[in-house]
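Hi,

Here is the structure I said I'd pass on. Have a look at it first, and then read my notes below.

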Amino acid sequence: MMIMKELNSYELETINSINYGEEPLAAFDEFVQKWMNSGGRQITKEVNEWYQSTDTKHNNK
């Protein structure tokens, strides 16, 4: 599993490659799958859990 720094670097490289025309737009779908499978799924889960814990509409604070 990639760590956060590696995921951020991979994201930046992929987005730049697409923006500069070095990779086709379809490369984004491949990026998302690799990102999710390399730790992004866990990061997304943790961020969503944190958000739910701070969202006053859901916590009646």
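Let me start with a pair of charged side chains: E49 and K45 meet in a salt bridge, with 3.2 Å from N to O. Keep in mind that this is a predicted model, so everything here is computed from predicted coordinates. Side chains of opposite charge can pair when their charged atoms come close. Both E49 and K45 sit in helix α2, 4 residues apart, which is about one turn of the helix. An α-helix has 3.6 residues a turn, so residues three or four places apart point the same way. E49 is partly exposed, at 44% relative accessibility, and K45 is also partly exposed, with a relative accessible area of 44%. If you're wondering how many salt bridges there are in total, the count comes to 1.

Now the overall layout. Of the 61 residues in the chain, 20% are buried. The chain exposes about 5000 Å², and carbon and sulfur atoms supply 54% of that. Helix α2 covers residues 27-54 and spans only 34 Å between its end C-alpha atoms, whereas a straight helix of 28 residues would span 40 Å at 1.5 Å a residue. Where does α2 bend? Look at G39, where the bend is about 75 degrees. G39 is also one of the buried residues of α2, along with A27, F31, W35, S38 and G40. These buried residues pack against α1.

Setting aside residues up to four places away in sequence, W35 touches L7, Y10, G40, R41 and T44. Two of those partners also have C-alpha distances worth noting:

- L7 and W35 are 28 residues apart along the chain, and their C-alpha atoms are separated by 6.7 Å.
- Y10 and W35 are 25 residues apart along the chain, with 8.1 Å between their C-alpha atoms.

L7 itself lies in helix α1. Is L7 buried or exposed? It is buried, at 0% relative accessibility. The next residue to look at is N8, also found in helix α1. N8 is partly exposed, with a relative accessible area of 39%. The C-alpha atoms of N8 and W35 are separated by 9.4 Å, and the two residues are 27 apart along the chain.

Further along α1, which runs over residues 4-19, you'll find S17. S17 counts as buried at 17% relative accessibility. Leaving out residues up to four places away in sequence, S17 touches E22 and E23. I18 is in helix α1 too, and I18 is buried, with a relative accessible area of 15%. Which residues does I18 contact, leaving aside its neighbours within four places in sequence? They are E23, P24, L25, A27 and F28. For I18 and F28, the separation is 10 residues in sequence and 7.7 Å in space, C-alpha to C-alpha. A27 turns up again here, as one of the buried residues of α2.

Last, the surface. V47, W50 and Y51 form a nonpolar patch there, with about 350 Å² of accessible area together. V47 has its place in helix α2, and V47 is partly exposed, with a relative accessible area of 45%.

If you open the model yourself, I'd go in this order: the E49 and K45 salt bridge, then the bend at G39, then W35 with its contacts, including L7 and Y10, and finally the patch of V47, W50 and Y51.

Cheers

Key
Residues are numbered from 1 along each chain as its sequence is written. This is a predicted model: local features need pLDDT of at least 70, side-chain atom pairs count only at pLDDT 80 or more; totals for chains, interfaces and linings use all residues. Side-chain values use heavy atoms; hydrogens and water are left out. Helices (H or I, at least four residues) and strands (E, at least two) are DSSP runs, numbered from the N terminus. Buried means under 20% relative accessible area, exposed over 50%, partly exposed in between (1.4 Å probe, protein chains only). Contact means heavy atoms within 4.5 Å. The expected span of a helix is 1.5 Å times one less than its number of residues. The bend at a residue is the angle between axes fitted to the seven residues ending there and the seven starting there. Patches are made of residues with over 30% relative accessible area and no salt bridge: like charges are joined within 9 Å, nonpolar side chains (Val, Leu, Ile, Met, Phe, Trp, Tyr) within 5 Å. Accessible areas come from the Shrake-Rupley method with a 1.4 Å probe; for residues, only the protein chains shown count as cover. A salt bridge is a side-chain nitrogen of Lys or Arg within 4 Å of a carboxyl oxygen of Asp or Glu.
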